[in-house]
Amino acid sequence: MPNWTLSDHDIDVAVALSPEGELTMEVRHRGRVVVAPSRLGLRAAHEDLSTGLAFETVSEPRRIDESYRTVIGKRREHRHTATEWTLSFAKGAHRLDLQVRITDQGVAYRYSVPWTGPVTVMEEVSEYVLAADARAVLLPYENGRSDYEEIHHHTTVGAAEHIRYGYPSLFQTGGSWLLVTESNLDSTYAGSRLRFDGRAFKLDLPDPYVTAASPLVTPWRTTVIGAGLAAIVESDLVTGLAAPSRVEDTSWIRPGAAAWSWWSDGPSTRDPDAQKRWVDFAAANGWPYLLADAGWNKEWMPELIAYARERGVGVWLWSHWQHVDTELEHRQKLALWKEWGAVGVKIDFTESDGQDRMRWFDSILAATARLGLMVVFHGGTIPRGTERTWPQFMTAEAVKGAEWIKPKPGKLPLYPPEHYLSLAFTRNVQGPMDFTPCTFTAVRTISAGFELALSVLFESGVQHFADGIEAYEARPEALRLLSTVPAAWDETRLLSGDPAGHILLARRNGAEWYVGAGVAGEARTLTVPLDFLDDGEWAAEIYRDAPDDRIHTETVTVAAGSKLDLAVAPNGGFTLHLTREVS
């Protein structure tokens with residue numbers, strides 16, 4: 001049976017062609033199989049390119065070394081280095097090209113299908129076969145809304161339900177961690193998910209077919225691989241595989257915190273005086289934005305935007321996606337809102353991974369880039385490297401966030417503490433995540449200290465702090481941190497953690513470091529290794545749990561290379577803000 005082994009860094013990819021002309025791929029990490037032989041190929045309308053294939057050529061390895069910058073993210077300066085091969089297979093007069101790219105962060109592949117006319121894909125047979133005893137953290141994708149708003153299942157491959165799962169999926173096998181997802185999706189394809197049948201996680205498309213001009217090129221089928229979870233959490237492979245930026249001047253794109261009244265006081269979105277109060281609150285606390293959610297009125301919005309601008313606050317406007325789904329509406333609404341002085345738009349209820357919705361995403365991203373409007377998406381799909389290609393894209397929901405735990409009489413806590421941990425190791429690795437954290441009055445199972453730490457643990461280009469003004473003013477210690485914590489980072493390091501146990505995450509912005517921590521379960525002591533600090537002494541401002549669900553602060557002096565032991569309450573957490581001491 002013909003086979004080809006492609007190797008780089010610690011990864012070996014074995015592509016094999018069976019006597020029946022069916023392709024499989026096996027992935028080994030540090031000599032151990034992490035993905036067993038798994039089917040490749042697709043069925044197009046003009047030919048079944050999953051069987052009966054014959055090998056034609058394999059290209060010489062192509063070296064890739066790209067540096068690029070993003071405005072937001074776990075880091076802003078990136079370098080993507082990889083080796084890429086193209087294997088070509090034929091079936092009669094038809095061809096299937098398989099591109100395989102290996103990097104120091106994992107492996108990705110995609111198909112290219114040349115033909116004489118538009119290519120229609122009826123089914124993609126790509127799959128992932130993992131050991132039955134592999135640990136799995138999986139997101140059920142069965143609610144029919146395509147919004148990724150579910151709680152992760154912690155299980156094993158062998159015990160996983162035979163249902164669909166949304167990206168990304170996290171596995172641990174043979175001493176290696178794997179994050180399975182996709183990158184570089186646009187209107188030429190549809191967003192996929194995984195369907196587990198007891199043997200393999202099979203790629204599942206939401207449409208009966210997808211069509212694109214020849215050559216059709218699929219998104220990258222992406223697997224982040226590492227010996228530890230730090231390699232997963234710190235990875236930027238998803239953006240590394242995405243198309244380069246289509247926006248030359250990004251000086252107008254600015255990450256930051258936003259005041260948001262809808263969560264704590266829904267009717268306030270219809271009241272211009274209430275919105276002015278929120279503008280004042282944002283200005284007083286150094287938050288650059290206000291999000292005017294559903295209910296705002298065009299009769300008073302220009303005045304509110306002018307009021308906010310005088311106070312150094314930019315206004316974002318909410319819209320249903322169907323209200324801005326044509327070129328005419330882009331010109332009549334988006335352009336008008338820009339003329340008023342709005343800085344961005346939050347577009348809601350997108351609720352589809354289908355190709356038609358991907359065409360809409362391409363259209364709205366191009367329109368907002370042209371008009372100079374930042375954009376946030378809600379009620380829809382995950383980003384797949386979008387922040388690299390369209391840097392005015394700041395964040396997306398695609399998460400079961402604080403929206404679902406608004407305080408209501410008699411409502412029981414919905415989220416186990418593990419939910420917050422799982423997101424840091426899965427969804428937020430994928431890209432920016434609009435959880436809308438720091439809701440101290442929410443129906444929650446985690447402590448106030450853990451809740452405050454979400455401002456560091458969760459990355460989002462616009463961080464919507466969702467609680468009410470009174471709730472924040474009642475915790476001035478927490479508000480002090482929220483007035484300084486950045487929304488974009490220069491460096492991210494996982495110090496320790498497990499998606500079911502705890503997380504200790506350090507992020508740098510400029511010369512300052514922040515550390516967020518949270519635990520699920522019993523009280524314990526977490527040790528913060530400070531070897532990421534530059535030489536010298538640093539002031540460590542500590543925000544930790546206090547009795548009665550309060551926040552206690554203290555400042556201690558620490559040295560680079562030392563360790564800091566901190567006691568953590570059950571389901572608790574803490575935050576550190578580290579600044580260099582001036583001698």
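Ala, Val, Leu, Ile, Met, Phe, Trp, Tyr, Cys and Pro count here as nonpolar, Asp, Glu, Lys and Arg as charged, and the others, Gly among them, as polar. The structure is a predicted model, in which local features need pLDDT of at least 70 and side-chain atom pairs count only at pLDDT 80 or more, while totals for chains, interfaces and linings use all residues. Residues are numbered from 1 along each chain as its sequence is written, and side-chain values use heavy atoms, with hydrogens and water left out.

A cavity is a set of points, on a 1 Å grid over the protein atoms alone, where a 1.4 Å probe fits but cannot get out, and its lining residues have an atom within 4 Å of a point; the volume is the space filled by probe spheres set on the points, which are joined across faces, edges and corners. Five cavities of 30 Å³ or more are counted in this way.

The largest cavity has a volume of about 130 Å³, and of the 17 residues that line it, Lys74, Ser235, Asp236, Thr239 and Glu387 are the closest to its centre. Its lining comprises four nonpolar, eight polar and five charged residues, and at least two lining residues come from each of α2 (237–240) and α9 (427–430), where helices (H or I, at least four residues) and strands (E, at least two) are DSSP runs numbered from the N terminus.

The second largest cavity holds about 100 Å³ of space, and its lining has eight nonpolar, two polar and two charged residues. Strands β3 (23–29), β4 (32–40), β11 (106–113), β13 (127–128) and β22 (220–226) each supply at least two residues of this lining, which includes Met25, Val35, Tyr109, Glu127 and Arg221.

Turning to helix packing, α3 (residues 272–284) and α4 (residues 301–310) pack at an angle of about 20 degrees with their axes 10 Å apart, the axes being lines fitted to C-alpha atoms over the stretch in contact and the angles running from 0 to 180 degrees between N-to-C directions. That makes α3 roughly parallel to α4, a term for angles under 35 degrees. In their contact (heavy atoms within 4.5 Å), Pro272, Gln275, Lys276, Val279 and Asp280 of α3 meet Glu303, Leu304, Tyr307 and Ala308 of α4.

Helices α5 (residues 327–340) and α6 (residues 355–371) pack at an angle of about 35 degrees, with their axes 11 Å apart. Their contact involves residues including His330 and Leu334 of α5 and Ile364 and Arg370 of α6, and divides into five nonpolar, three polar and three charged residues.

Terms used. On a 1 Å grid over the protein atoms alone, a cavity is a set of points where a 1.4 Å probe fits but cannot get out, and a pocket is an open set with protein on both sides within 12 Å along at least five of seven lines; lining residues have an atom within 4 Å of a point. Angles under 35 degrees count as roughly parallel, over 145 as roughly antiparallel, 65 to 115 as roughly perpendicular and the rest as oblique.
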